[in-house]
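Hello,

I am handing over the structure that we spoke about, and below it you will find a careful account of what came out of it. Please keep the picture open while you read.

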Amino acid sequence: MDIIRLLPDAVANQIAAGEVVQRPASVVKELVENAVDSGASEIQLIVKDAGRTLIQVIDNGKGMSFNDARLCFERHATSKLRSADDLFHITTKGFRGEALASIAAIAHVELKTKQAADSTGTLVLVEGADIKAHEVIATPDGTSVAVKNLFFNVPARRNFLKSDNIEMTHIEEEFYRVALIHHDIGFTLYHNGKLLLKLVASNFRQRIVNIFGNSFKDKLFPVEQVTDFMKITGFIAKPENAKKKKSEQYMFINHRYVRHNLLNYAVETAYSELIPQGYRPAYFIEIEIDPSSIDINVSPTKVEVKLQDEKLVFGFLNSAVKKSLGTMSLTPQIEFDVDRSLETPEMPAGHDIVMPSTGANPNFNPFDTVPAHTSHGNSFSSFSKEWRERSTSPGGWEEFLKGIQTEQVNTPQETQLEADMGTDSPQETITQEVPEELPYFITENRYIFCKLNEQAMIVDIVHARERIMYDRYMEALQHTPVRVQQSLFPMTITLTPAQADLAESLTADFLKLGYELEKIDNTHFAVNGTPNDGTDEGDVQTIIEKALDDFKTNQFLYRADSQRNMAICMARQQRSRFKPLTTPEEVRSLLQQLFACSCSGTTPSNKAILHLLENEEVGRYFER
């Protein structure tokens, strides 16, 4: 008996929709890209309930004829391909002819379109791939596509959608990807009747600033490399603006946003000596290349691409980024054309050349009980030298290590932020009394080497401050708010519409932390007051802006409790904004505050704050 059957078109379309339409953001991507392909100069995106209720895209493009308006909902119906050879010369966003058919199979779709040469337009209504209406109407030039009740006939997929905040984050990201590279087109974004972003036609740099805020004005450096094979243009950000978890990284090939690990690696390796390991630089780069040398028909989302000569593109891109960094004097440059022999200074008469010499105190011990200021100035290199010299006199180290406990502080490796969403582990808390005379020294303005209660200890200053600030912020959010120092002349900060929307919802929490924010318009806030507890160190614009970015990232990745999320984000922004420790009193105060914390062994994100040097650990050093 025959058991193979042809699937009905409605079922086939729903299967195809599972690949093309994964969430509301997928619909936004397809509709906005179709509007770009139509030749529009103005595009509006209207969203309700993060796309669950409505996603509407309105453009002033060339529109469609009466018959094309109906045919565009058929599978594999497209105006952008005629033969298989055209797949290797694609210059448009869409080409598969699957998007509208897939969307119509799982939603209610209303299409209104009109060509400039026609006196009337066309209306097409589709519900679950079933054509309900196809008639002539009066409508402006261009096209309007309204997608309502997404996944109405696929309840399982609808139930898998995340919260409105998360889904709207995905929608904004898809919107940015198209709006960034098509800066010659005006874009407008509305959500629940509220204007979030209005972008006028501009250049690439201005479009970046308009989307991500005025703080990017001074962060961007141009990148340009033109060869017979390809053209690279765009902007990279300063190394100090690199972020550890999420950064603004946008790669475009022939005006299409793409994800390509090798190209991303080409950019990041150019920064390798300028940013800490694990941090990611921001960049906005476009590559123009012969369409026949790339394959974009890899996945239904058309985000992955294959390059004919990946190594060549990698080399050009890496070179272009390094050149830009070097031009801005951010990397050392070797001037091959300079005759170094001409730069040798003449020795004044009567002065003989003397070989430099170094000296060392063989009796120096940084952990001797001496006044702290006498050891504070020693560098880490001096400490290392003394360490090596001690290998000839083991007795000295026996005295140094005498009394150190064999139990080691629990310093787990970095885990997900969720680990901090519960109660801090009591075994990670160190309770110590800091003596008045504390032998110590500091290296790189980052690490304190000290001897405390007969234990040699290393403390990470930045991580310690993060823990201290986190506990302080949690106390302010839950019990005792920070007092606000009113500003005689309030400053104004500029945020992106998305940041401003989030800041408005967190105004009460910011006030508890000492920042009194007052909304002026969609992108501007007045800072009427700042903390009166001495923690307001640094640029308020940067602190608020980065804290909001981190808050949104944590909310998306970890669904963190709002108050803990806020405390973590603000603590991270403040941890490096203090002045270096210069006196024994400041060091002692930091350690006292640390040991008074609920969890003095690890940061809120489970990074080690301190480390105890054990006998076995020191012994392994001499066994090398």
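**Strands, helices and a few single residues**

Gly 121 stands opposite Ile 137, a residue of β5. Strand β4 (residues 121-127) and β5 are joined by 7 bridges and run antiparallel; here, two strands count as paired if DSSP finds at least two bridges between them. Helices (H or I, at least four residues) and strands (E, at least two) are DSSP runs, numbered from the N terminus.

Before going further, please note that this is a predicted model, in which local features need pLDDT of at least 70 and side-chain atom pairs count only at pLDDT 80 or more, while totals for chains, interfaces and linings use all residues. Residues are numbered from 1 along each chain as its sequence is written, and side-chain values use heavy atoms, with hydrogens and water left out.

**The protein as a whole**

The protein has 19 helices and 22 strands. Of its 624 residues, 47% are buried, where buried means under 20% relative accessible area, exposed means over 50%, and partly exposed lies in between (1.4 Å probe, protein chains only). The protein exposes about 31300 Å², and carbon and sulfur atoms supply 50% of that area; accessible areas come from the Shrake-Rupley method with a 1.4 Å probe, and for residues only the protein chains shown count as cover. Among contacts (heavy atoms within 4.5 Å) between residues at least 6 apart in sequence, 70% join residues at least 24 apart.

**The sheet of 8 strands**

The strands β4 and β5 belong to an open sheet of 8 strands, in the order β5-β4-β3-β6-β2-β1-β7-β8, with mixed pairing. β5 (130-137) and β8 (194-199) stand at the edges and have a single partner strand each, so one side of each is left without a neighbour in the sheet. Neighbouring strands of this sheet are turned by 10° against each other on average, direction ignored; for such angles, axes are lines fitted to C-alpha atoms, for helices over the stretch in contact, and angles run from 0 to 180 degrees between N-to-C directions.

Within this sheet, β2 is mostly covered, since 5 of its 6 residues are buried. Strand β1 (residues 42-48) pairs with β2 in the antiparallel sense over 6 bridges, and Gln 44 stands opposite Ile 58 in β2. In the hairpin of these two strands, β1 and β2, which has 5 residues between the strands, Asp 49 takes a positive phi near 55°. Strand β6 (residues 142-148) also pairs with β2 in the antiparallel sense over 6 bridges, and there Ile 58 stands opposite Ser 144.

Leu 54 lies in strand β2 (residues 54-59). Is Leu 54 buried or exposed? Leu 54 counts as buried because its relative accessibility is 9%. Leaving aside residues up to four places away in sequence, Leu 54 touches Ile 46, Val 47, Lys 48, Ala 146, Val 147 and Lys 148. Leu 54 and Val 109 are 55 residues apart in sequence, and their C-alpha atoms are 9.7 Å apart in space.

Helix α6 lies across β1, β7 (186-191) and β8, and runs at about 175° to β7. Helix α7 (residues 204-212) packs on the sheet as well, where it touches β7 and β8, and its direction makes about 165° with that of β8.

**The sheet of 5 strands**

Another open sheet has 5 strands in the order β9-β10-β13-β11-β12, and its pairing is mixed. β9 (220-226) and β12 (256-258) stand at its edges, each with a single partner strand, so one side of each is left without a neighbour in the sheet. Neighbouring strands of this sheet are turned by 20° against each other on average, direction ignored. Helix α6 (residues 164-181) packs on this sheet, touching β11, β12 and β13, and its direction makes about 55° with that of β11. Helix α8 (residues 261-270) lies across β11 and β13 and runs at about 125° to β11.

**A buried threonine**

Thr 603 is found in the loop between α18 (584-595) and β22 (610-612). Which residues does Thr 603 touch, not counting residues up to four places away in sequence? They are His 463, Glu 466, Arg 467 and Ile 609. Thr 603 counts as buried because its relative accessible area is 1%.

Best wishes
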